[in-house]
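Me: I have a structure open and would like to go through it piece by piece. Can you take my questions as they come?

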Amino acid sequence: MKRLCNPCCPAGAVSSGAIGDAEEYRDGGTSTRGGDSSNDDQELGPLRVQPSSRTASGSGTTVYTDQASIPQNFVELGPDNPWLVCRSPAHGGKLFWLHRTTQETTWRQPLPRLMPLPKWSTVHAPMRETAFAVIDPIFYGAPADPIDPKARTGICGKQPLPAPLRKTCDTLSPEHQLYPKRFFDRVGIKRFVMCEDLKYNGQRRRDVPDLSSGTLYIDVGDRAVRRKRHSFHHELWHMVDYHLLGNAFESHDAEWCEHNPRGFNYGNGGKFMRTDSSSSQLSSSPSPEFLNRYSTSSIAEDKAEVWASLMCYQQVLKTPALQAKAALLKKRALNICSEMDERCVCARRVKMCVTLMGFHGFGLEHAQAGTGEEHE
Ligand SMILES: [Zn+2]
């Protein structure tokens with residue numbers, strides 16, 4: 001089966017703090033996180049804008065016509081977009097943005113324009129409160145540079161079509177329901193942004209967590225249902241991990257590594273496995289301590305894979321080491337929010353299975369071995 005993806009997050013890139021993740025990455029990319037580890041304005045310090053050119057135009061208007069007011073090295077995101085963007089030479093081309101009217105500067109990619117989801121009965125209310133659909137026909141962190149095709153473009157995508165949008169929201173609503181609102185609040189997960197043709201710096205992705213803004217971008221395009229579910233939880237754990245460990249989330253974690261083989265060292269990150277089409281298969285596991293080969297690419301991927309399996313199909317966590325790893329993640333989740341009690345999650349899942357099996361086939365395919373046809 002074709003796999004799209006991977007090199008998830010960590011090894012990759014982050015720009016505005018996005019963690020690009022797994023699955024997608026195989027057909028495309030780096031990731032969005034690790035590389036540019038700095039994710040917020042504090043970490044990178046003050047931004048520099050040529051003082052002489054800080055004259056905003058178009059204040060209060062929709063269309064900005066005063067091209068002369070654009071500071072040196074900045075370009076527009078669009079004629080009706082209040083943000084300008086610059087690739088910082090001092091930070092390897094990392095993007096930062098300047099608001100034309102408020103003069104706010106930030107390393108965090110501004111959100112595209114969003115609309116709430118319709119009040120679909122198949123999407124539970126807490127998800128409708130946190131999930132949005134992009135309404136810009138296209139969006140990006142920076143327009144492509146015709147001179148340098150490799151220059152960063154940040155998180156890019158387009159408005160989702162109604163049918164796949166609804167289908168994906170129906171699919172993910174039961175997954176979202178496994179997390180109490182307080183859990184999302186405590187780890188800084190603020191919103192889910194539904195879009196299509198999602199890319200990170202030109203590389204195709206299926207989901208991109210933007211750590212700095214607490215946003216998980218989700219491509220609603222065609223993908224196996226199981227993969228969407230798996231990926232949702234996988235990416236969420238990266239966001240949790242970032243909340244717990246900050247930029248050290250790729251660093252050694254003694255409590256975790258005691259469940260690895262003696263002397264084991266992780267690889268260079270998920271992105272380096274994107275050509276390995278079988279790395280997400282359970283059969284690719286090199287030893288009982290790992291779910292699959294992809295899990296050996298980085299400690300963050302290992303955790304995210306275990307978490308996704310824990311939330312989707314616990315039966316694949318068969319070995320003592322995998323069960324110990326899962327127990328550790330559960331303990332950490334419980335420390336964040338006591339409502340993430342295992343019994344609670346299981347009860348929610350069982351309840352939803354009973355409720356939803358009829359029209360979603362929910363849970364049935366989870367019984368199949370494998371953590372997803374592609375990585376997340
Ligand atoms: Zn990942």
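Predicted model: local features only at pLDDT ≥ 70, side-chain atom pairs only at ≥ 80, totals over all residues.

Me: Which residue in β10 is the bridge partner of Y200?

Reply: Y200 has Q203 as its bridge partner in β10.

Me: And what sits between the two strands of that hairpin?

Reply: There are 2 residues between the strands, and N201 takes a positive phi near 50° in this hairpin.

Me: Which way does β9 run relative to β12?

Reply: Parallel: 5 bridges join β9 to strand β12, which is residues 215-219. One of the pairs is C195 with D219, the latter being in β12.

Me: What about β6 and β8?

Reply: Strand β6 (residues 131-134) pairs with β9 in the parallel sense over 3 bridges, and A131 stands opposite F192 of β9. Strand β8 (residues 155-158) is antiparallel to β9, again with 3 bridges. There, K158 has E196 in β9 as its bridge partner.

Me: What holds paired strands together in general?

Reply: Strands of a sheet pair through backbone hydrogen bonds, and the pairing can be parallel or antiparallel.

Me: Which phi value does D197 have?

Reply: About 55°, which is positive although D197 is not a glycine. D197 lies in strand β9.

Me: How many bridges join β1 to β2?

Reply: 3 bridges, with β2 being residues 83-88 and the two strands running antiparallel. Within this pair, E76 stands opposite L84 in β2.

Me: Where is Q103?

Reply: Q103 is in the loop between β3 (94-99) and β4. Its phi is near 70°, a positive value in a residue other than glycine.

Me: Is Q103 buried or exposed?

Reply: Exposed, because Q103 has 11 other C-beta atoms within 10 Å.

Me: Now the inside. Which residues have the most contacts in the largest nonpolar core?

Reply: V85, V193, M194, Y217, I218, M239 and W307 have the most contacts inside that core, which has 62 residues. The largest share, 9 residues, comes from helix α8 (residues 299-312).

Me: What does V85 touch, leaving out residues up to four places away in sequence?

Reply: V85 touches F74, V75, L77, L95, W97, G141 and A142.

Me: Back to α8. How does α8 cross α9?

Reply: The axes of α8 and helix α9 (residues 320-336) come within 10 Å and cross at roughly 85°. An angle from 65 to 115 degrees counts as roughly perpendicular, so α8 and α9 are roughly perpendicular to each other.

Me: Which residues meet there?

Reply: From α8, K303, V306, W307 and L310 meet L322, K325, A326 and L329 in α9. W307 was also among the residues with the most contacts inside the largest nonpolar core.

Me: Why is α6 described as largely enclosed?

Reply: Because 16 of the 21 residues of α6 are buried, the helix is largely enclosed by the rest of the structure. Just after α6, G246 takes a positive phi of about 60°.

Me: And the overall tally?

Reply: The protein has 10 helices and 12 strands. Of its 376 residues, 47% count as buried. Among contacts with a separation of 6 or more, residues 24 or more positions apart account for 63%.

Technical notes. Residues numbered from 1 in each chain as written. Core = buried A, V, L, I, M, F, W, Y, C linked by C-beta atoms within 7 Å. Buried ≥ 20, exposed ≤ 12 C-beta atoms within 10 Å, placed from the backbone. Helix = DSSP H or I, 4+ residues; strand = E, 2+ residues; numbered from the N terminus. Contact = placed C-beta atoms within 7 Å. Pairing = 2+ DSSP bridges. Axes fitted to C-alpha atoms, helices over the stretch in contact; angles between N-to-C directions. Parallel < 35°, antiparallel > 145°, perpendicular 65-115°, else oblique.
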